[in-house]
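Visitor: I am new to this one. Please walk me through the terms as we go.

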Amino acid sequence: MSDRSELDELAQRIGRLRPDWQNPERFFEARSEIAAELRRLARQQSSAPVHKYSQVFTPMTRHDLK
């Protein structure tokens with residue numbers, strides 16, 4: 001499953017997340033599972049290779065021209 005479809009699926013699960021008055025723990029368990037999946041996706045993104053053209057360039061100042 002691609003990261004995009006995983007994010008879409010997580011967004012749908014968040015949208016359906018509601019307190020369950022019959023079983024209050026169910027809400028917190030579901031919320032914790034979603035949070036864990038989001039953290040996993042974030043770790044995958046931070047370890048993904050950076051494209052060679054996506055470097056951040058800083059503007060030059062007149063001190064750089066000397």
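Guide: Start with a definition. Buried means under 20% relative accessible area, exposed means over 50%, and partly exposed lies in between. The model here is predicted.

Visitor: Why is E9 called partly exposed?

Guide: E9 has 29% relative accessibility.

Visitor: What makes E9 and R13 a salt bridge?

Guide: The closest N and O atoms of E9 and R13 are 3.7 Å apart. The cut-off is within 4 Å, so the pair counts as a salt bridge. E9 and R13 are four residues apart in helix α1, about one helical turn.

Visitor: Is R13 buried or exposed?

Guide: R13 is at 18% relative accessibility. Buried means under 20%, so R13 counts as buried.

Visitor: Why are α1 and α2 called roughly antiparallel?

Guide: The axes of α1 and α2 cross at roughly 160° and come within 11 Å. Angles over 145 degrees count as roughly antiparallel, so α1 is roughly antiparallel to α2. Their crossing is left-handed.

Visitor: Which side chains meet in a salt bridge with an N to O distance of 2.5 Å?

Guide: Those of R40 and E6. R40 lies in helix α2 and E6 in helix α1, so the pair ties together parts 34 residues apart in sequence. E6 is buried, at 14% relative accessible area, while R40 is partly exposed at 29%.

Visitor: How many salt bridges does a search of the whole structure find?

Guide: Five.

Definitions and conventions. Residues numbered from 1 in each chain as written. Predicted model: local features only at pLDDT ≥ 70, side-chain atom pairs only at ≥ 80, totals over all residues. Heavy atoms only, no water. Axes fitted to C-alpha atoms, helices over the stretch in contact; angles between N-to-C directions. Helix = DSSP H or I, 4+ residues; strand = E, 2+ residues; numbered from the N terminus. Parallel < 35°, antiparallel > 145°, perpendicular 65-115°, else oblique. Left-handed = near helix turned anticlockwise from the far one by under 90°. Buried < 20%, exposed > 50% of the residue type's maximum accessible area, 1.4 Å probe, protein only.
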